[in-house]
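Trainee: Please take me through one part of this model closely. I would like the contact between the two chains, and then the packing on either side of it.

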Amino acid sequence: MASANAPAPASPGARVWRRLRRRRGAMVGLFVILTVAIVAALAPWIAPYDPVLQSWTTVRKPPSAAHWFGTDELGRDIFSRIVHGARASMLAGVISVAIAIAIGVPLGLLAGYVGRWVDVVISRVTDALLACPFLILAIALAAFLGPSLTNAMIAIGVTATPVMIRLTRGQVLAVRSLDYVDAATSVGNPPPRVALRHILPNVLPALMVQSTLVLASAITSEASLSFLGLGQQPPAPSWGSMLNTAQRSLTTAPWIAVWPGAMIFVTVLSFNLLGDGLRDALDPRSR
Amino acid sequence: MTRLIARRMLQLLPTLFILSVIIFLLQRLLPGDPALALAGDDQDPRVIAEIRRQWNLDLPLPVQYGYWIADVLRGDLGQSMRLNTPVADLIVQKLPATLQLAVMALLISLAIGVTAGVISAVRKGTIVDYVANVVALAGISVPNFWLGIMLILLFSIHLGWLPASGFVPITEDWRTSLATSILPAFVLGSHFAGVLMRHTRSAMLEAIESDYVRTARAKGLGEGRVVLRHAMRNALTPIITLGALEFGSLLSGAVLTEQIFSIPGFGKLIVDAVFNRDYAVVQGVVLVTATIYVLMSLLADIGYILANPRLRG
């Protein structure tokens, strides 16, 4: 028998956090993500130089005390450009995922909960969009919308939407026939309330894991589009566009190519580590 | 089984139809009047009127789609405005290089991913397993355009072992072809090798703990035979499906790889078309890539049906 002063059971969020904390990889990932986010937010105060300031006296200088990561083909400080480039990457990741969630979750809920012809239409369009390779569709959208960071974010967000629709629909189908949903319906709750108050919270854990993984691929996609010249436009810094220009100086100044790619790699790896950790922490089989 | 395959083929029709509508509507994303956007710098009213007529832009949207899809079904994907060549001809010209690259990337990723996955599962919990997992996650996370640049730095610039760019078709000179395409194929396959390793590992772990493997061990078979003949054979069925599905994604990844290694393939075609506002080429490439992707998923399903005795009926 439980005593009167026994500690209250931990909330589901606290339980997940406790399990997540035990996963070293996920915690390292979370630490790196938070660091990159803080660097992106405080970029103007952290960067020692103006990221677009050109200097003909410091063209292609190797790393030194004055320029920690060296300088590029226009004499710009690479460290400052990396710090400011973090903004474009994090912003692109977060906004793309927000677009995918904002469109994908309501449509997935609608398809899974309403069913019938609504489900057929939404599912068929989702299948068609999923049949289009992610990067090719993003390139085509960015090409037709015009090259800019905003359009790249829209293109990546729209391209990632079908994944969110399919995931939400699948989760809704899995829980909508459960007893507690039947009970909520039978006591007279209107369908939108059942969908939003009773079904959606059960979809959230899977969405959280998927969002982390989509964030990782959104950051890679933004870098890819910027690398191709379809994302962030020069002279504004972005890790992808920095790699594009670095290609021209590979033999004379290889350090220009090392840092932006390493940053994309470490950030994407961190999101993947966190996503894996979250999935394990939320998966009842791993408890 | 035949009915199952036929039903799966019929299910593809609505997907292909919706896909064609989406790709057709891409052109409508052009800001403002598409005819003006297509005319580019040439704002002569006669040129714009000609473009409107040539692209059927003066007709209602469903009629425009009807004309467009009828042409597509006849194999006419339009005309490249920059090269003044039929888009279908350009695609036929460029596709072999990309296909060669994608097939090589698939073989490399299968060799690395499946081997590492099997070893990792058999040595679960050891340092080998840990290292394989870390390498797989790194393969999944590394941006392939950066990996390409780093490998060019190492193998082409520092060591001078392999060429940094260029492409020779395998039908011309297989030795030079391998030398020019081994780096790009490795770069293109690195992501899938990581994905495959993780899938193979979990499928193998499941197989190793199953009753039939326990029975095989109880019969006194050697561990190598148990792993290779019993566990791996069953674990590899989903891998076949994954391989077929991933082939379409490799075509997409080739865009970046071809750009880095200057390979005159499909990916380079779409990127050049984007920068030259050659919208018919962009549409054509997206349509063909998506169709290949859909057909590969059909092949994956057929492969799964054929490999699964319960579905073979």
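Mentor: Start with B:R198 and A:D276. In this predicted model, the two form a salt bridge, and their closest N and O atoms lie 2.6 Å apart. The count of salt bridges between chain A and chain B is 1. Over all chains, the count comes to 14 salt bridges.

Now take the contact as a whole. Chain A gives 42 residues to it, and chain B gives 42 residues. Between them the chains bury about 3700 Å². Of that area, 84% falls on carbon and sulfur atoms.

Next, the chain A side. Chain A has 11 helices and 0 strands. Its C-alpha trace spans about 75 × 55 × 30 Å along the principal axes. Stay with helix 11 of chain A, residues 255-282. A:D280 sits in this helix, and its side chain meets that of A:R23 in a salt bridge, at 3.7 Å from N to O. A:R23 lies in the loop between helix 1 (12-21) and helix 2 (24-41) of chain A.

From helix 2 of chain A come A:G25, A:A26, A:G29, A:L30, A:V32, A:I33 and A:V36. They meet A:M263, A:V266, A:T267, A:S270, A:F271, A:L273, A:L274 and A:G277 of helix 11 of chain A. By class, this contact of helix 2 with helix 11 of chain A divides into 10 nonpolar, 5 polar and no charged residues.

Two backbone details in chain A deserve a check. The peptide bond from A:P234 to A:P235 is cis, with omega near 10°. A:P235 is in the loop between helix 9 (191-228) and helix 10 (239-246) of chain A. The other is A:R116, which has a positive phi, near 50°, and is not a glycine. A:R116 lies in helix 5 of chain A, residues 116-130.

Now cross to chain B. The secondary structure here comes to 14 helices and 0 strands. The C-alpha atoms of chain B fill a box of roughly 85 × 55 × 35 Å, taken along the principal axes.

Helix 5 of chain B covers residues 87-122, and helix 11 of chain B covers residues 237-260. Their axes come within 9 Å and cross at roughly 125°. That angle makes helix 5 of chain B oblique to helix 11 of chain B. The crossing is right-handed. On helix 5 of chain B, the contact is made by B:T98, B:L99, B:L101, B:A102, B:V103, B:A105, B:L106, B:L110 and B:V114. On helix 11 of chain B, it is made by B:I239, B:G243, B:F247, B:L250, B:L251, B:A254, B:T257 and B:E258. By class, the contact of these two chain B helices has 13 nonpolar, 3 polar and 1 charged residues.

The chain A contact has no charged residues; the chain B contact has 1.

Definitions and conventions. Residues numbered from 1 in each chain as written. Chains lettered and ligands numbered in written order. Predicted model: local features only at pLDDT ≥ 70, side-chain atom pairs only at ≥ 80, totals over all residues. Heavy atoms only, no water. Axes fitted to C-alpha atoms, helices over the stretch in contact; angles between N-to-C directions. Helix = DSSP H or I, 4+ residues; strand = E, 2+ residues; numbered from the N terminus. Parallel < 35°, antiparallel > 145°, perpendicular 65-115°, else oblique. Left-handed = near helix turned anticlockwise from the far one by under 90°. Contact = heavy atoms within 4.5 Å. Nonpolar A, V, L, I, M, F, W, Y, C, P; charged D, E, K, R; others polar. Buried area = accessible area lost by both parts, 1.4 Å probe. Salt bridge = Lys/Arg side-chain N within 4 Å of Asp/Glu carboxyl O.
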